[in-house]
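This report goes through a predicted model. The sequence and the structure come first, and the description follows.

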Amino acid sequence: MSSNLTDMNAMDDSADRGGPAQPLLIVRNLKKYFPVRGGLLEREKKFVHAVDGINFTVAKGKTLGIVGESGCGKSTTARLIARLMEPDSGTLIFDGEGVGEFGGIELKAFRRNLQMVFQDSFASLNPRLTIQETIAYGPREHGLTQAQANERARQLLARVGLEPEQFASRYPHELSGGQRQRVNIARALAFNPRLVILDEAVAALDKSVQAQVLNLLQELKAEHQLTYLFISHDLHVVHYICDDVMVMYLGQVVEMGPVEQIYGQAAHPYTRALLSAVPSMDPANRTQKSPLSGDPPNPINPPAGCRFRERCVHAEAVCSERAPALVPAAQLSGHLVACHMNDAASGHTAATLESAV
Amino acid sequence: MKTTLTFDGTLKPAPSRSFWMVVLRQLRQDRVAMISLVVLAIIIGAAIFAPWIAPADPFKASMLNRLLPIGSPGHWLGTDELGRDMLTRLMYGGRLSLLMGVVPVLAAFVIGTSIGLLAGYVGGRTNMLTMRVLDVFYAFPSVLLAVAIAGALGPGMSNSLMALTLVFVPQMVRVAESVTTQVRRLDYIEAARMSGASAFSIIRVHVLGNVLGPVFVYATGLLSVSMILGSGLSFLGLGVKPPEPEWGLMLNTLRSAIFRNPWVAALPGAMIFITSIAFNLLADGVRSAMDVRR
């Protein structure tokens, strides 16, 4: 089936240019501030610091999970990468080529290499189109004939586990949430993308359906050599599906690294709090007190220095003076953390203690 | 509808699933809407075929037969103040009155939807500027506005059609714009943008289909308003001129006979009333039939 799909694809653009060592996507200094409308007479313009200078790389064929509380900038990051929103600054390098830069990859070609699956499976399907029409729309726009596009849509439907005979002419409201999300996945695959952004793609599904969709995603990833950017607030799911994890707090990356290291040896107090909030399967092991108090600070006026310090039990004077840089965690390869306790030179009293862990 | 939803164990494809077919099937089960449709069909049919089926000449006056009551032999609906056959004049009158109802709404539908769609899709300053300009029209009650424009253009059929169109355009734009603004933010538009489709294609396939429904329903609601306003203009002498038969105008000229023969005098009004009610009920039926998600 899958080889058939690849043969069908007249728009195949997925030649691996940079080789296996080249990260599929490098994001540098990505920033997006949203202006806040003040009163008519308000002089000073305010901004929500939605995404505030983040850097990360997505390795080929891997799944990078982005986790964090609501409003920490996860979805904005996804939309900035997909260029559904113009970033204020920042560069994207896709398989070694600058996106939209001179001599790099054109925006249109980049978009074809990248597709997105949204959280709201209903809002992401046009209620007036049958699911076959929805999936065939993209290929049709890229020059396939209607017959070819329909054929492709039916193959994709079959691949995501929806019998074309039975489902092709249905409308979105006649499908269950899980089926709709399968349609969204099929649509994303219509272009043979290399990078798929899954923005809370399974969050709205119940657990058993969620597992089915996750398994489908794993299969498709292997079949089509996909790379996933998996945005979620469900830490169990992230643990299951991701190779690397990036933890965001208030528009910034606080910790990043291989999934087992993050889950086993979290170095940032926020990550630890987040992980301790994960419900345990063992009732004797239930969380007795809230790991964190208070709400994230106002993103219009984020605190100076470390943004987490107001809720951090380890906060000291140095935390309000300087913002910690995202640096390699002691003794752990590929594990980056932005915390003064991790930096022996920072002057934080716990610094030496922490780095000894 | 429900039967196609339930899974019956076989893999046969469902019956025709095109959106308008589904709507039609639902509409057919709506009793009130179907009755309204029949009533409208009779009225429209009578108007269209008036020259062939009308019992008399609409302009032939007879001083001897003035203001005959309803049920008079030879004149089933009586005669007007000049002795002309009422049934004939009501049938002919439907032609202009329905035209007054349909043409301005159709014109405003095309113009208003285009403007609203573009303003809503482009958004930002363009949108704000368009809407503020149109708000000026909103400052006037529509009757007053229609009278003012028709008065400025001068009396006559085409001028009153134009005046009515101008009255309805801002309302259409507003509806189209607000629906477009809602639709534009939905994820499926973003997904379409992700597929690299052009703005024109996105508007045509994804926006238009979802905007057209609500605007269409709103437009059907305006049909009756337009007919009443058109009749009102004729009543005031700004629309059709006598002796042309038109319901509003007939209502005006029969006004003087209201004490001598109130039933005949009320007939044109009753026609306006029945037609607009039928349009409204049908619009209501279409509105609920288009809500496929039930």
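## Helix 12 of chain B

Helix 12 of chain B covers residues 262-290, and its 29 residues should span 42 Å at 1.5 Å a residue, which agrees with the 42 Å that separate its end C-alpha atoms; the expected span is taken as 1.5 Å times one less than the number of residues. Helices here are DSSP runs of H or I with at least four residues, strands are runs of E with at least two, and both are numbered from the N terminus. Helix 12 of chain B also has a kink of about 35°, centred on P268(B), where the bend at a residue is the angle between axes fitted to the seven residues ending there and the seven starting there.

## Basis of the model

The model is predicted, so local features need pLDDT of at least 70 and side-chain atom pairs count only at pLDDT 80 or more, whereas totals for chains, interfaces and linings use all residues. Residues are numbered from 1 along each chain as its sequence is written, while chains are lettered from A and ligands numbered from 1 in the order in which they are written.

## Chain B as a whole

Chain B has 12 helices and 0 strands, and its C-alpha atoms fill a box of roughly 75 × 55 × 30 Å along the principal axes. Among the contacts in chain B with a separation of 6 or more, 70% are between residues 24 or more positions apart; a contact requires that the C-beta atoms of two residues, placed from the backbone, lie within 7 Å.

## Where chain B meets chain A

Between the two chains, 24 residues of chain B are in contact with 28 residues of chain A. On the chain B side, helix 9 (187-194) and helix 10 (199-235) each supply at least two residues, and the largest share, 7 residues, comes from helix 9 of chain B. By class, this side of chain B has 13 nonpolar, 6 polar and 5 charged residues, where Ala, Val, Leu, Ile, Met, Phe, Trp, Tyr, Cys and Pro count as nonpolar, Asp, Glu, Lys and Arg as charged, and the others, Gly among them, as polar.

## The sheet of chain A

In chain A, 4 strands form an open antiparallel sheet in the order 2-1-4-5, two strands being paired if DSSP finds at least two bridges between them. Strand 2 (46-58) and strand 5 of chain A stand at the edges with a single partner strand each, so one side of each has no neighbour in the sheet.

Strand 1 (residues 25-36) and strand 4 (residues 89-94) of chain A pair over 5 bridges, in which I26(A) stands opposite I93(A) and K31(A) has S89(A) as its bridge partner. Strand 4 of chain A is in turn joined to strand 5 (residues 97-98) by 2 bridges, and here I93(A) is partnered by G98(A). These two strands form a hairpin with 2 residues between them, and D95(A) in the turn has a positive phi of about 45°.

## The domains of chain A

Chain A is divided into domain 1 (2-36 + 46-242) and domain 2 (269-356), with bounds from an automatic or database domain assignment. The C-alpha centres of the two domains of chain A lie 31 Å apart, and their contact takes 10 residues from domain 1 and 7 residues from domain 2. On the domain 1 side, strand 2 and helix 9 (235-241) of chain A give two or more residues each, with the largest share, 5 residues, coming from strand 2 of chain A.
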